[in-house]
Protein chains: 2
Amino acid sequence: MLSRRNISFINSLKLKKNRQEYHCFVVEGSKLVEELLHSRLHIQTIYATPQWIETFNSQITAKKTESFPVTEKELERISSLKTANQVLALVDTPQPEFDPRLVANDTILMLDNINDPGNLGTIIRTADWFGIQHIICSPGTVDLFNPKTVQATMGSIARVNVYYLNLTETIKSFGHNKPVYGLLLQGKPLNRASIDKNSIMLLGSESHGISKHLLPLITHPLLIPSMLDGAPGIARPESLNAAVATAILCWEISR
Amino acid sequence: MLSRRNISFINSLKLKKNRQEYHCFVVEGSKLVEELLHSRLHIQTIYATPQWIETFNSQITAKKTESFPVTEKELERISSLKTANQVLALVDTPQPEFDPRLVANDTILMLDNINDPGNLGTIIRTADWFGIQHIICSPGTVDLFNPKTVQATMGSIARVNVYYLNLTETIKSFGHNKPVYGLLLQGKPLNRASIDKNSIMLLGSESHGISKHLLPLITHPLLIPSMLDGAPGIARPESLNAAVATAILCWEISR
């Protein structure tokens, strides 16, 4: 049986400050935890129904992970989901060190103050799909280990390296070796631009765009043109969703 | 002051069956309600702080809409948002009639059982950006007037026509006049396909893909290739988020 102390500890990880203090976070759902069992991340404990533990027994043993059988009622008491799943895992937070030499020929995605946890998770999942392995977030970006972010990554959190760094300094550290793309209203239409894979893609938040102090660092302003641009008297959306804009950029880089 | 009856009526609209019975839904937030004031949708009542009503007075008058001043405390009691905004509007549900003749030369987006309300809203917003004006949803798709969908459309709900129809019958009603694109694992890579604007784009849910009975109706299976496809021993995400996949298709059609 789950102790009260355990229940309250796991629930405390819904808050960023506790995740930071204890260097661990929560992953829920059979598909996601199964992905983690095959990943490089270190799982501290798996809390699951006895049937789940039986089904995944060999993988749990291979990963040398502690498993703890719980009832569905107990899972409900520690879950962040509306409908608790069969399994919840306590996972060490990965803390990758950023090494500019490792990404010298890669696309780097930079996120400036993305504040929606679901958007951040979807961006990580999309980057993973398109083979982008490094994402640098401004310190003001929502926490990677927020339960909603973790769920939205659909397992990609175990593969993509996410760093929280000062964006100005990091861009400057590359000197002039990488073009810096950024979506701006006065940018070049994406369909008429040629995109270099060896580059930095800078994305801002939906509500505030890219921060003012970063604008001078953009070497190639881009624009995803709306079909409604220039049509007189026709209202159109003010912007695209941040994850959608990122996806279109990632697709253009990969196509 | 808001009556108890009003409060309980507005809160009852969080449920689909009540929105269907009373033919109205709720829109929250200053930006969204401002968009509605300039739209074709009919607003029954605006509940807002006296400052909001004062600021938007001329637009409220022009729209011939009833406005009702409320306190922030009262707004909290009727809001679906974590942090209630300055304004909430009660809006008649639009019920556009589908007329195949009106869309004879257009791109039609078809959604097969998309179940996440946020995804549906983001898809509508993206379609709007790319000038797609008609979305046909299977009856099993999440309700357009779900508060999370409404918020995620960011105002596009007032511009894009959304219909709930039987997809098989609707596709068949076009005869062979429109190619039917669908994302399938064995589809043609999108970067090697030529895409016709005058077409149907069929999107399935993330968890179940496109329903089996619709598969024979797809004339052009497509695939958004992952950069990690074919790389031996490398795990990759199982799929893209439904709104992300739709966005990449919309962009390809428009570019």
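Colleague: A salt bridge is a side-chain nitrogen of Lys or Arg within 4 Å of a carboxyl oxygen of Asp or Glu. Which side chain does K31(B) meet in a salt bridge?

Modeller: The side chain of K31(B) meets that of E238(A), with N and O 3.3 Å apart. This is a predicted model, in which local features need pLDDT of at least 70 and side-chain atom pairs count only at pLDDT 80 or more, while totals for chains, interfaces and linings use all residues. Residues are numbered from 1 along each chain as its sequence is written, chains are lettered from A and ligands numbered from 1 in the order in which they are written, and side-chain values use heavy atoms, with hydrogens and water left out.

Colleague: Is R125(A) buried or exposed?

Modeller: R125(A) is buried, with a relative accessible area of 3%, whereas E206(B), at 30%, counts as partly exposed. Buried means under 20% relative accessible area and exposed over 50%, with partly exposed in between (1.4 Å probe, protein chains only).

Colleague: And how much area is buried between the two chains?

Modeller: It is about 3,500 Å², of which carbon and sulfur atoms give 61%; buried area here is the accessible area (1.4 Å probe) that two parts lose on being put together, summed over both. R125(B), W129(B) and W251(B) supply 24% of the area that chain B buries against chain A, more than any other three residues. In terms of contact (heavy atoms within 4.5 Å), 36 residues of chain B touch 36 residues of chain A.

Colleague: Back inside chain A, which residue pairs with D143(A) in a salt bridge?

Modeller: That is R19(A), at 2.8 Å from N to O. The pair links distant parts of the chain, with D143(A) in the loop between β6 (134-137) and α8 and R19(A) in helix α2, 124 residues apart. D143(A) is buried at 10% relative accessible area, and R19(A) is buried at 4%.

Colleague: Switching to helix α3 of chain A, which of its residues are buried?

Modeller: In α3 (residues 30-37), S30(A), L32(A), V33(A), L36(A) and L37(A) are buried. Seen down the helix axis, they fall within an arc of 165°, so they line one face of the helix; the arc is that of the directions from the helix axis to the C-beta atoms. Those buried residues pack against several elements of chain A, including β1 (24-28) and α4 (50-55).

Colleague: What about aromatic pairs, how many are there over all chains?

Modeller: There are 14, counting rings of Phe, Tyr and Trp (its six-membered ring) whose centres lie within 6.5 Å, where planes under 30 degrees apart count as stacked, over 60 as edge-to-face and the rest as tilted. The rings of F9(A) and Y22(A) have centres 5.1 Å apart and planes at 80°, so the pair is edge-to-face.

Terms used. Helices (H or I, at least four residues) and strands (E, at least two) are DSSP runs, numbered from the N terminus.
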